[in-house]
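Hello,

Here is the structure we talked about handing over. Please look it over first, then read on.

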Amino acid sequence: MNLSARMIVVLTAVGLISGSFLSVVGLLTKERIAMNQQLEIQNAISEVLPSTKTSHKVFEDESLTIYESRDENDNPVGFAVYASGTGFQDIITLMYGIDPSFSKIKALTILEQKETPGLGAKITDKTSFLRYWEGRNCEQPLSLRKPAVESPGNLAPSEVNAITGATISSEKVLDIVNLSLERLKEIKQKGQLSSEEKNAT
Amino acid sequence: MKENTFILKSSPHFRDKDSVSKIMYAVIISLIPAVAASIYFFRLKAALIYITCVASCLITEAVFLKVRKKDMHSLWDGSAIITGLLLAMTLPPSLSLDLVIIGSVMAIALGKQVFGGLGYNVFNPALVGRAFLQIAFPVAMTTWIPPSTLQVNTATFATPLGNLKFLASITEGSLTPLKDLFWGNVGGCLGETSAIALLAGALFLLFRKVIDWRIPVGIISALAVFTGIFWITSPDKYTHPLFHVLAGGLLIGAFFMATDMVTSPITPLGAWIYALGIGSLIGLIRLFGGFPEGVMFSILFMNTFVPLINRYTRPRILGERRRRA
Amino acid sequence: MPPKKSIGAEYLKGLWNENPVFRQLLGMCPTLAVTNAVINGIAMGLATAFVLILSSLVVSSIKKLIPSQVRIATYIVIIASFVTIADRFLAAFFPPISKALGPYVPLIVVNCIILGRQEAFSSRNSIGRSLIDALGMSTGFILALLLLSSIRELLGSGSFLGHQLLGSWFKPWTIMILPAGAFITLGVLLGIALLIESKTKARSV
């Protein structure tokens, strides 16, 4: 066999063997990886809408995914909104629960973030930053209170506390939530939410 | 016979009266008004931070000199004392003393001795110590207390620049008054608050020709022009240049930190390039960056360019031709 | 060709004399990027070891078949296959670690330690010797990552493997879990390594 033929044969053989090997590995792990992702979403939904029994996707595009959730009697609990946007360092991905009439935020959770540890990363703090989002009125866009106040009673109905020293990270979270709220209402008005809901059920 | 003798000696051929320690002690004297002002405004807290800083810088320096088997006399050349004083002046008065010690050790160890000691360091050691603390303890380094001369009943307090960046709206007139900035009756790092005390020390240094006048002049004018352009175009969004010059660490940075002989350019043209770079970077960070203050990062950033600036602004030897590229 | 080393020396050279991180300065990207916590350092070390050992085995066993003109391409295909396996495996069974390591698992493909060992060792040595060499290099790499990540996690979070070691008196040095802390720690460790090296050399001369 001359040299160039041998080169082609060896490379093709190595490529074929690796390729077939990898497709087997891909098939074996595919289901489990999908399951992991789904589990993560489900955990997040039951975190932001604790009485959720079943949930299903009602809207999806590249920046926004909306799940509708129902309790054990099949009554609507609200919607879980999965949204992402740029933070101070990297993409922040979050999920929040909202009641069916879009008037109150039930809870917020941060799924992915790479903000500065000890500073911007406090956006994941369930005992302070995230606590102030519970029950906020979201009929109009939310706003940030800076400097932060001690008791939630001192906040206006649609205000949330900023993190001291990490105003930018707090603002980014606020922007993601406000932008997705605006889109959520738009989608609802266009009727896309209900029509897909019918398709899904 | 005598006049035909050549004396062969390596450079330097001209010797100044000034020695390293003489210059260093002039700098220490020039810092006294600002140190005194900060002790007046922040009382015992300030004095404790100064003592801890200088003492731990000297101890770290001594340990390194001992380990590297160097002459112990250079401990008292004044450079470690200056690093300690300058570092203390850039710290918030409420900082706990254990963090002060960590910052001092890092300033001498990482800022100076790992490069080989005085004269070999690339960065201003005091600012290395401060940068380390700023990134390691972001919350403690941005918690400010009001000076004891201000009658306010709050535990925490915003600096004039922090107030400008995060809280105040310019049109409402809630900015810190210029009079307070000038005398130092504001919150902030120990030594940066009183403009008048810093200027007094700076005048002494300029008079003694210890520092290159081009560097502070370049930094202040670059910042004034930069912030001035934005102020003129939209005065309702940006504040006037005088506020930027008096607020924060600009004066202490321009007169006492950027002028450090080891880490600033040696040629006049180089000094201008370096100073204009620092001034515009400060403006950029203050107006558009995530931090309210940018003096420390701007000086450290331009420090990295000093060897390059020195190389390209070296004066040509008489008769040397410009090499064609 | 230099005389063959004993099997023990072949293994031990990866730990110190030819340590990939401290002596050869290879694989700096994962060394700096993922050592912010001990668990990440260990996971990265093990994933790299898995790829290095298996690639060395495959390369040394088929070295006679590969024409030298396409050897690099062949090595890369082999390495990339094992990296993909490691990446999928982590995503399927250890999702939190896979998330923490992010793009650095796929980036093992371009880790110079792996390609360097194939080119410098496995392609011209027996299967057994290549295996020992790969094991030694992997151990050296894992130990280096362990050292770096232990220092960084201890100072940066006051913990080791997630267990809080230092009490509440300790104020975590946030800088140590940020990229700047990686460079500072690596620089200090490299300085110490050079110091030890120069001391031992001075003694042996």
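Below are the conventions, then the sheet in chain A, then the cysteines in chain B.

This is a predicted model, where local features need pLDDT of at least 70, side-chain atom pairs count only at pLDDT 80 or more, and totals for chains, interfaces and linings use all residues. Residues are numbered from 1 along each chain as its sequence is written, chains are lettered from A and ligands numbered from 1 in the order in which they are written, and side-chain values use heavy atoms, with hydrogens and water left out.

**Sheet, chain A**

Chain A has an open sheet of 5 strands, antiparallel, in the order E1-E2-E3-E4-E5. Strands are DSSP runs of E, at least two residues; helices are runs of H or I, at least four; both are numbered from the N terminus. Pairing takes at least two DSSP bridges between two strands. E1 (54-60) and E5 (105-112) of chain A are the edge strands, each pairing on one side only. From one strand to the next, the twist averages 20°.

E3 (76-86) and E4 (91-98) of chain A pair antiparallel over 8 bridges. A:Thr86 has A:Ile91 in E4(A) as its bridge partner.

Helix H2 (167-189) of chain A packs on the sheet. H2 touches E1, E2, E3, E4 and E5 of chain A (contact: heavy atoms within 4.5 Å). The direction of H2 makes about 50° with that of E4(A). Angles run from 0 to 180 degrees between N-to-C directions, with axes fitted to C-alpha atoms, for helices over the stretch in contact.

**Cysteines, chain B**

The structure holds 0 disulfides over all chains (cysteine sulfur pairs within 2.5 Å). The sulfurs of B:Cys53 and B:Cys57 are 5.5 Å apart, too far for a bond.

Best wishes
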